[in-house]
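Dear colleague,

Please find below the structure that I am handing over to you, with its sequence. My findings follow directly after it.

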Amino acid sequence: MLIAHLPSGYILSSYMLSPLRRTPVRPVWLLIAGTLGGIFPDFDMLYFFFVDHGMVHHHRYATHWPLLWLCLLSGALGWLALCRRLAAPWLLLMFSLGGLLHVVLDSLAGDVWWFAPFVDQRYSLVTVTARTGTREDGRPEISAIMVPSGTPGFTAEKAYDKLGWHASDTHPLSFEDCHVPADHLLGQQGRGYAQFLATLDDGRVAISALSVGCIQACLDMAVEYAGERQTFGG
């Protein structure tokens, strides 16, 4: 939050001070409003850790919806069109610009859903293995293929209701008469199975750490409950 978004909000605010020098607001307050807007979306991390306990990725919260910041920006511009002498619309303008810059930068580094809450699309493409032929020894040839979102015949179903790592979205994928061009092949034809096994090798360390953390949380909760539980009216 502070490493990237605080400097970016400050730089944007500093840049905007020159074109906004005739506003009825002191430059320092414009600077504060823009810088605060630059880091404000990540304040949802407090809810993520202390209330939601990591159940949902914080980019799915309303504070990271670009539509929210675009509405705030539109509201500020409309307010200024009606009254330019008040300080509040100028502060709202700088604050919303900082927040909008935040979600733009997050779009470059991670997943931000620009049409949320109307479109909850968490991916631009998926990679799947599929049979693309038969080897000389009769075994199936398995290749890795990229399937962009929106491809006819491809559907990402409702997310699984999982135990443990809720912040990771896991969905069943359905394919019915789904066709993609030949250039959507990922890697060498016939090497898809080996590619997916190599990916699993890298993920085993992370899954092990996640499993240990989940079990440790269960043990901590069990010990806490055992110390508080009242039985037989005692």
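P117 is found in the loop between α5 and β1 (125-134), where helices (H or I, at least four residues) and strands (E, at least two) are DSSP runs numbered from the N terminus. The peptide bond that joins A116 and P117 is cis, with omega at about 5°.

Please note that this is a predicted model, in which local features need pLDDT of at least 70 and side-chain atom pairs count only at pLDDT 80 or more, while totals for chains, interfaces and linings use all residues. Residues are numbered from 1 along each chain as its sequence is written, and side-chain values use heavy atoms, with hydrogens and water left out.

Helix α5 covers residues 88-109, 22 residues in total. From its first C-alpha to its last it reaches 32 Å, close to the 32 Å expected at 1.5 Å a residue; the expected span is 1.5 Å times one less than the number of residues. The buried residues of α5 include W90, M94, F95, G98, G99 and H102. Here buried means under 20% relative accessible area, exposed over 50%, and partly exposed in between (1.4 Å probe, protein chains only). The buried residues of α5 pack against α1 (5-17), α2 (27-39) and α4 (66-82).

Helix α2 has 13 residues, which should span 18 Å at 1.5 Å a residue, and its end C-alpha atoms, 19 Å apart, agree with that. Its buried residues are L30, L31, A33, G34, T35, G37, G38 and I39, and what covers them includes α1 and α5.

The axes of α2 and α5 come within 6 Å and cross at roughly 30°; axes are lines fitted to C-alpha atoms, for helices over the stretch in contact, and angles run from 0 to 180 degrees between N-to-C directions. The contact (heavy atoms within 4.5 Å) is made by W29, L30, A33, G34, L36, G37, G38 and I39 of α2 and W90, L91, M94, F95, G98, G99 and H102 of α5. By class, it has 9 nonpolar, 6 polar and no charged residues. In this division Ala, Val, Leu, Ile, Met, Phe, Trp, Tyr, Cys and Pro count as nonpolar, Asp, Glu, Lys and Arg as charged, and the others, Gly among them, as polar.

The axes of α1 and α2 come within 7 Å and cross at roughly 145°, and this crossing is also right-handed. Among the residues that make the contact are H5, G9 and Y10 of α1 and P27, L31 and T35 of α2. They belong to a set of 7 nonpolar, 7 polar and no charged residues.

H102, in helix α5, counts as buried because its relative accessibility is 0%. Leaving aside neighbours within four places in sequence, H102 is in contact with H5, G38, I39, P41, D42 and H64. Its side chain is joined to that of D42 by a polar contact of 3.4 Å (a pair of N or O atoms within 3.5 Å; within protein, one must be able to donate a hydrogen and the other to accept it, and residues adjacent in sequence count only if both atoms are side-chain atoms).

Finally, D177 lies in the loop between β4 (173-175) and β5 (185-186). Its phi is near 55°, a positive value in a residue other than glycine, and D177 is exposed, with a relative accessible area of 66%.

Note on methods. Left-handed = near helix turned anticlockwise from the far one by under 90°.
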